[in-house]
Amino acid sequence: MDTKAENGVMQEHQELGWGKSLPVPSVQEIVRNDSLSVPERYIQEHKDRPLGSDSCPVSSQIPIIDLHLLACGDEDERTKLNFACKEWGFFQTAVAAFFELPLEEKKKYSMAENDLQGYGQGFVVSDRQKLDWGDLIFILTLPNKYKKMKYWPVTVTGFKEAIEEYATEMHKVTEEILGNLSLLMGMDKDGLRLLHAEMKQAMRLNYYPTCSRPDLVLGVSPHSDASSITVLLQDDEITGLQIRHKGGWVPVKPIPNALVVNIGDAIEAWSNGMYKSIEHRAVTNEKRARMSIATFLIPEDDVEIGPVDSVVGTYHQPVMYKKIKYVDYLRYTLSRKMDGKAHTEFLKLENE
Ligand SMILES: O=C(O)CCC(=O)C(=O)O
Ligand SMILES: [Fe+2]
């Protein structure tokens, strides 16, 4: 536990108690020392390699939603949002110096044992699992009392200010989307916001170095996000993200100044599966390193996630998901290696 002065208030910081990830080498350093070889632990099993027959180039069909129209209450745009969330679970809308620091400097922000915040890698739970070709820094960004400034690279000029400003803007974006999804789920506009109780916001800043064999490795293994919704800001010029759609992998070609928004597991549970969290992964390339910033909206630990009455009642569906405490789900998810959507089975009622 450490004590920090944040906004003039002394606060006690407790470990989140969500879990931990084992320390593994920085991928950036591996590439810097030897840019041609790919260590065995990063080489994916044949079936998991990225250049399989299940890749399909149809990202131009991914719906684009205009947030401004949503905010103006435009019904047609909300209908588009409904389609986007049901058919794709993803849509795109209109927004790096830390990783350039020497390794020794970056290591000052390394994840502590038993913590998931900081510089390192996520979801490393065993010494034998395959590793992702990427480094990251994970931090809680809202509300202020959860920020652990020891993990924020304050030596990078402007980092704190930029992240804080971005966090505030992302908060507005996610609230607007939640409001519209609440209406679509038959609730009042603040329905989903209230279901979150105290909302947390976290960011995962991903850095994927170049790889001499992008056909063998994955930047991020297939997973769905345990958040309620995620907003991804990605490099305008490099396609790395791929989403699962109808059994194939669809690359999400960046649209300049657009954000990618995806439904997370909590909304899948609240909507009784009407909106599914979508499996996604990131691939690497030989030519240029890629960065992305994923902003996760996270419900309070103690809230229950499970189908809301308005969805079950309106659409007369059988209840498919159980009611469980969000933190139990999060701990379960974070204690496993990412494996597509396998972790979401934990949300479902057994006899489907
Ligand atoms: O970098 C990407 O495109 C995906 C990142 C991601 O899925 C995540 O951080 O959860
Ligand atoms: Fe993700």
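**View 1. β6 in the lining of the second largest cavity of the predicted model.** Strand β6 provides the largest share of this lining, 3 residues. The second largest cavity holds about 170 Å³ of space. It is lined by 23 residues, and those closest to its centre are Gln121, Gly122, Val124, Asp132 and Gly219. Two or more lining residues come from each of β5, β6 and β7. By class, the lining of the second largest cavity comprises 11 nonpolar, 7 polar and 5 charged residues.

**View 2. The iron ion (ligand 2) and its protein donors.** His223 (NE2), Asp225 (OD) and His280 (NE2) lie 2.1 to 2.3 Å from the iron ion. Along the chain, these donors follow the spacing H-x1-D-x54-H. Asp225 sits in the loop between β7 (220–223) and β8 (229–234), whereas His280 belongs to strand β12 (residues 280–282); the pair is 55 residues apart and links distant parts of the chain. Asp225 is buried, at a relative accessible area of 5%, and His280 is also buried, at 6%.

View 3. At least two lining residues each are supplied by β5 (135–142), β6 (200–208), β7, β8, β12, β13 (290–298) and α9 (326–334). Strand β13 gives the largest share, 5 residues. The lining of the largest cavity divides into 20 nonpolar, 12 polar and 7 charged residues.

How values were computed:
Residues are numbered from 1 along each chain as its sequence is written. Chains are lettered from A and ligands numbered from 1 in the order in which they are written. This is a predicted model: local features need pLDDT of at least 70, side-chain atom pairs count only at pLDDT 80 or more; totals for chains, interfaces and linings use all residues. Side-chain values use heavy atoms; hydrogens and water are left out. Donors are N, O and S atoms within 2.8 Å of the metal (3.2 Å for Na, K and Ca); water is not among the atoms, so sites may look incomplete. Helices (H or I, at least four residues) and strands (E, at least two) are DSSP runs, numbered from the N terminus. Buried means under 20% relative accessible area, exposed over 50%, partly exposed in between (1.4 Å probe, protein chains only). Ala, Val, Leu, Ile, Met, Phe, Trp, Tyr, Cys and Pro count as nonpolar, Asp, Glu, Lys and Arg as charged, and the others, Gly among them, as polar. On a 1 Å grid over the protein atoms alone, a cavity is a set of points where a 1.4 Å probe fits but cannot get out, and a pocket is an open set with protein on both sides within 12 Å along at least five of seven lines; lining residues have an atom within 4 Å of a point. Grid points are joined across faces, edges and corners, and a volume is the space filled by probe spheres set on the points.
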